[in-house]
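Me: I'm new to reading protein models and I'd like to learn how to look at one. Could you take me through it, feature by feature?

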Amino acid sequence: MSSQSPEKGGIFRSYLESNLLIRILIGLIAGAVVGLIVGPPIEVIEPLGSLFVRLLQMIVVPVIFFTLVVGAASVSPARLGRIGLKTVLFYLGTSAVAIALGLIMGNVFRVGSGVDLGDIGEGAARDVDAPSLVETLLEIVPTNPIAALAEGSVLQIIFFAIVFGIGLSYLQISNDDRIKSGADMLFRFFDGGAEVMFKVVRGVLQYAPIGVFALIAVVFGTQGAEVAGPLAIVTVAVYVALVLHLLIVYGGILKIFGLSLPKFVRRGREAMVTAFVSRSSGGTLPVTMRNVSEGMGVGRPTYSFSLPLGATINMDGTAIYMGVCVLFIANAIGLPLDAGQQIMVVITAVLASIGTAGVPGAGAIMLLMVLNAVGLPVAEGTPQAMAYAMILGIDAILDMGRTGLNVTGDMAVTCGVAKTEKDIDMSYWKD
């Protein structure tokens, strides 16, 4: 009996050490095949998918609060001078444009229009009555932050966490040793809380292949093979938007500052490819720094601040993914978003980008946050849970492109800021 234990442990260890996104993709494919073969009776395994949805719901609020407080507090007011302000404004501005572009592509390609999940489960999405844009904007400011945390009011949590983090960052540079010591201790508490949540998120995502398998099997078992085409359309819409953002937005930024887009791509391709393959902005950071320094002539005072900050808050590729996927889910459940709700997608994703970029599975977590903000919460047994699982199944394919664009945006903004600060050697761009 004891001789079998290492074998079991080895199988379990091999599962945990294998590539998570590939496992999720396998879960998607296997779920689709099994669902098509078994048909409607496959609904018996739906509780396995519901468990995954509940686990995701469990982590959303603490992830938002801890990571946004740490993200906002990490931008020290002492460093947030001229370079810092320009960099932050560039990053948030390009992210807003990226989300808008994702929404435009989602509308152009009519993502999700070929799927009809409205009759699955409780059909709760059809009962959603979204508030007006003005009401939603006013509701961003919580009257009771504790109640907002308890009720899971995403926009209010985001607003309070950012304000709290900014206040904490000011206390950290106080000349009063008592205040500074207390602020440093409080920052370490939130930083530790964020690290705990990173670990919890990684644990929850280990169950994702099973949850995705169950949810996708139910979708294909009840809807048939016709849902495969809409997923391909989502992938095309995302990648078309990624390319357009590179050519129009980054190309435009570089053009304004007299820099060449072809030369930029040639000298930054190592970081772009590394990000595409590794799917990690943070892991690519050393390569990104070397490319902008040795290949583009950007000075250390600029890139040493802008690139680490960009790896945290700049999420243009993820923003495009958000825009397309939110529309896919809304259309798939039979509740298209109106103009006001699409504006709220932009606002929520830009605010959330301040702290959540470094979270493992950030795209999936942010997608949950935005869906909550527009009145389409992912809950067990609802159509949006099924549509969400479909998106999660192809996340490996989408993640490569969005991470590559995230890193490309870091380099483009860094070059633009460096040009305004005269901290770039233009001889690097002459040939």
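Me: Let's start with Asp399: is this residue buried or exposed?

Reply: The general idea is to look at relative accessible area: buried means under 20%, exposed means over 50%, and partly exposed is in between, using a 1.4 Å probe and protein chains only. Asp399 has a relative accessible area of 10%, so Asp399 is buried. Keep in mind that this is a predicted model, where local features need pLDDT of at least 70 and side-chain atom pairs count only at pLDDT 80 or more, while totals for chains, interfaces and linings use all residues. Residues are numbered from 1 along each chain as its sequence is written, and side-chain values use heavy atoms, with hydrogens and water left out.

Me: Which residue does Asp399 meet in a salt bridge?

Reply: Side chains of opposite charge can pair when their charged atoms come close. The rule for a salt bridge is a side-chain nitrogen of Lys or Arg within 4 Å of a carboxyl oxygen of Asp or Glu. Here the partner is Arg402, at 3.1 Å from N to O. Arg402 is buried too, at 4% relative accessibility. Both residues sit in helix α18 (residues 395-420), three residues apart, which means about one helical turn separates them. Helices are DSSP runs of H or I with at least four residues, strands are runs of E with at least two, and both are numbered from the N terminus.

Me: How many salt bridges are there by this rule?

Reply: Four. Another one joins Lys180 and Asp184, whose closest N and O atoms are 3.1 Å apart. That pair lies within helix α8 (residues 177-206), four residues apart, or about one turn of the helix. Lys180 is partly exposed, with a relative accessible area of 32%.

Me: Where do Arg290 and Glu270 lie?

Reply: First, the pairing: these two form a salt bridge with closest N and O atoms 2.5 Å apart. Arg290 is in helix α12 (residues 281-295) and Glu270 is in helix α11 (residues 261-278), so their bridge ties together parts that are 20 residues apart in sequence. Arg290 is partly exposed at 33%, and Glu270 is partly exposed at 39%.

Me: Now the inside. Which residues touch the most other members of the largest nonpolar core?

Reply: A nonpolar core is a set of buried Ala, Val, Leu, Ile, Met, Phe, Trp, Tyr and Cys residues joined through side-chain atoms within 4.5 Å. The largest has 128 residues, and the ones touching the most other members are Phe52, Val234, Phe264, Phe328, Leu367 and Tyr388. Helix α3 (residues 46-74) gives this core its largest share, 13 residues. There's also a second, separate core of seven residues, including Val88 and Phe305.

Me: What does Thr94 touch, leaving aside its neighbours within four places in sequence?

Reply: Contact means heavy atoms within 4.5 Å. Thr94 is in contact with His245, Val249, Ile253, Asn314 and Asp316, once those neighbours are left aside. You'll find Thr94 in helix α4 (residues 82-109), and it is buried, with a relative accessible area of 5%.

Me: And how many helices and strands does the whole protein have?

Reply: It has 18 helices and zero strands. Of its 431 residues, 53% are buried. Looking at contacts with a separation of 6 or more, 84% are between residues 24 or more positions apart.
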